[in-house]
Amino acid sequence: MKSLRTIALKEAQNRISPEVKSPSAKISDFFGANVFDKRKMRDFLSKDVYEKLISSINQGELINTDDANQIATAMKAWAMSAGATHYTHWFQPLTGTTAEKHDSFFEPSGDGAIEKFAGSALVQQEPDASSFPNGGIRNTFEARGYTAWDPSSPAFIMESKAGKTLCIPTVFVSYTGEALDYKAPLLKALAALDKAAVDVCQYFDKSITKVNASLGIEQEYFLVDESLFNARPDLLLTGRALFGHMSAKGQQLEDHYFGSIPERVFSYMVDFENEALKLGIPLKTRHNEVAPSQFECAPIYEEINLAIDHNQLLMDLMEKVARRHHFRVLLHEKPYAGINGSGKHNNWSLITDTGKNLLAPGKTPKNNLMFLAFFVNTIKAVSEHADLLRASIASVSNDHRLGANEAPPAIISIFLGSQLNDVLDEIEHSRISKKIKEDNALWLGIPKIPQILLDNTDRNRTSPFAFTGNKFELRAVGSSANSSAPMTILNAIMAEQLVKFKTEVDKLIKKGDKKDIALLTVIKKYIKESKSIRFEGNGYSQEWEDEAATRGLSNIKTTPKALDAYLTEKSADLFNSTGIYSKREIHARHEIMLENFYKKLQIEARVMGEVANTAIIPAAIAYQNSLIANVKGLKEIGVDSKVSLDIVKKLTEHLEIVKTNIDAMLEERKLTNKIEDTREKAIAYDEKVKTYFEVIRYHADKLEQIVDDSVWPLPKFRELLFMK
Ligand SMILES: NC(=O)CC[C@H](N)C(=O)O
């Protein structure tokens, strides 16, 4: 019988890409075609309701029942004219993926049937919450959960060959009001940030009434042929290769990065980009990434809530469209040990309703003081809550990526680039003399900030949080993550920080300081206080680990311990003052994250055992048997050769070690599964079960190097990485 690998290799060699037809040569012709955007709202709504909806989008004003009915009718009319038959609330439960439950517009009526969509169905739905992760918030006897419309993210139509569905972005909360999703806390953090930032803006510009966070999300991913993927139970079930010797050629020649895009991949990219563009996702960039078979796409930045919805939608599209091309997309942070992992770099900034980017250095000294205020407060916020930010990017899969192959380490630090670093040093050491204070001659004291910062674009890949000219790039986020988790924290700590800043500045003003002097005094103090988080060097080096320790920075390498930061008193104060999480909510989330961590390890351990026992060991034994026959045969004909015998001995050694460790791991798992406390269980999975992975893999990979290639059951790295 032919092995799955042999069949898969043959299939992978004979792929023909499906034809991809773009709706038009001009993207602007079809961009947003499947979105109920402002233009369509205007066409389908009365002027009065349109304006109310816009002010609800911009200012968060509530929509009354009559207006909701009108909006629902308009949405239905638009969606049906585009061919939709069903609608769904579209939400982001704590599973990491998106969720939907379709209902048709169709309703039987007395004399036939009608198509209906009431305002109440638009505004709120009641999906059963019992089968979503809820961390104990919901008991089975009270399984109800609500999804509630988020008007700030426009409804869209999801197309598939079989039909079209109107999707309405919503939050997801329990019957008792606790958030069960990623979006609800994000929206709360954004509201807190808006208020705090507008208050600080008032020192500089009274016309600013709204501050939005913006986000541009770079998405890295791997592609692998579908048949090869299906012949690897580890990729299929865990998203990463648990076994596999690195191929002789990996990324060492650095010949893939920005290289010419392979035809089959290009065709896939164009296909999913078209789908994304129709959904209003402003994709702009595509390229080969560093590792073989690794790629990246990136949109233009958008308002943050929309940017995150779009990224979630994009990941879903990428997976769906990949199947049309007989690819599988791997969004896992580290599918292949030994080469680069995948990140989701979050480019974050703050934009006012007057169109000003608060993290872009200005032309005038006054603008620069405003820039410095927001810039330094960001640094201060991150330095105060570095552990929480670390926790917000923690996951079982990101643990493999952090600190390895062009991914930042688990130590949170901030890279500013030499020019701004110098500016902050200068301010720190400047003296705000009595004379300056009396003359209000502050501008002499602020160093000139160049508008174009030369060394700041994508330069320091070893930094988890890098300033890149007019935004901060949180590089530590993993490719499979929902950006809401870290962005909720980043915006919340910024909100809290800006409130504190204003209190301190106001105090100085009250004591008689001129406004600008008061601002600079507090900025200067923050520069000093947050100095230890700034680091410009190589984040991978041992020197940095050592230095970070002497600076008192944390270096928490694994998720279950990193997550502790969610439960500290300092974090409780933050959650309370910004309103993003109640005590119950954060405890539930903490529990969910720990469960997710150990359950994924549990699955990996099971897959490892199964693949070793049923594929690797039998293949090695079959080869061993043929060698034994050879040894016997040689002896019979009187040839004295040690080649086969030596191989048998080596094989046997590795086989023994693999088998013993698989068995020992199973025993350890049994013990670990008995642990009741979730945190302890997660730590035990990490420290006791996971430790077997390395030794099992090492020896199984040695077997791969020895066993006859034609009988090896699993597609090898060279095939996974280079065949496309
Ligand atoms: N070129 C790059 O930016 C590499 C980034 C790297 N793939 C990461 O994990 O973040």
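Tutor: A polar contact is a pair of N or O atoms within 3.5 Å. Keep that cut-off in hand. This is a predicted model.

Student: Then how far is an oxygen atom of the ligand from an N or O atom in the side chain of R401?

Tutor: The distance is 2.8 Å. That falls within the 3.5 Å cut-off.

Student: Which of the 15 residues around the ligand come nearest?

Tutor: E220, G341, H345, R401 and R475 do.

Student: Now the overall layout. How is the chain divided?

Tutor: Into four pieces by assignment. Domain 1 covers 1-20 + 219-342, and domain 2 covers 31-181. Domain 3 is 182-216 + 350-578, and domain 4 is 595-722.

Student: Let me look at domain 1 and domain 4. How far apart are their centres?

Tutor: Taken over C-alpha atoms, 28 Å. Domain 1 puts 27 residues into the contact, and domain 4 puts in 26 residues.

Student: How much area do domain 1 and domain 4 bury between them?

Tutor: About 2500 Å², with 66% of it on carbon and sulfur atoms. On the domain 1 side, R5, F243 and H245 supply 34% of the area buried against domain 4.

Student: What about charge pairs?

Tutor: Side chains of opposite charge can pair when their charged atoms come close. Here the count between domain 1 and domain 4 is 3 salt bridges. R5 forms a salt bridge with E719; their closest N and O atoms are 2.9 Å apart.

Student: How many residue pairs are in polar contact across the interface of domain 1 and domain 4?

Tutor: The rule finds 10.

Student: Which elements supply the side of domain 1 that touches domain 4?

Tutor: α1 (4-13), β9 (211-225) and α9 (233-238) each give at least two residues. The largest share, 5 residues, comes from α9. By type, that side of domain 1 has 16 nonpolar, 6 polar and 5 charged residues.

Technical notes. Residues are numbered from 1 along each chain as its sequence is written. This is a predicted model: local features need pLDDT of at least 70, side-chain atom pairs count only at pLDDT 80 or more; totals for chains, interfaces and linings use all residues. Side-chain values use heavy atoms; hydrogens and water are left out. Domain bounds come from an automatic or database domain assignment. Contact means heavy atoms within 4.5 Å. Buried area is the accessible area (1.4 Å probe) that two parts lose on being put together, summed over both. A salt bridge is a side-chain nitrogen of Lys or Arg within 4 Å of a carboxyl oxygen of Asp or Glu. A polar contact is a pair of N or O atoms within 3.5 Å; within protein, one must be able to donate a hydrogen and the other to accept it, and residues adjacent in sequence count only if both atoms are side-chain atoms. Helices (H or I, at least four residues) and strands (E, at least two) are DSSP runs, numbered from the N terminus. Ala, Val, Leu, Ile, Met, Phe, Trp, Tyr, Cys and Pro count as nonpolar, Asp, Glu, Lys and Arg as charged, and the others, Gly among them, as polar. A residue is near a molecule or strand if one of its heavy atoms lies within 4 Å of it.
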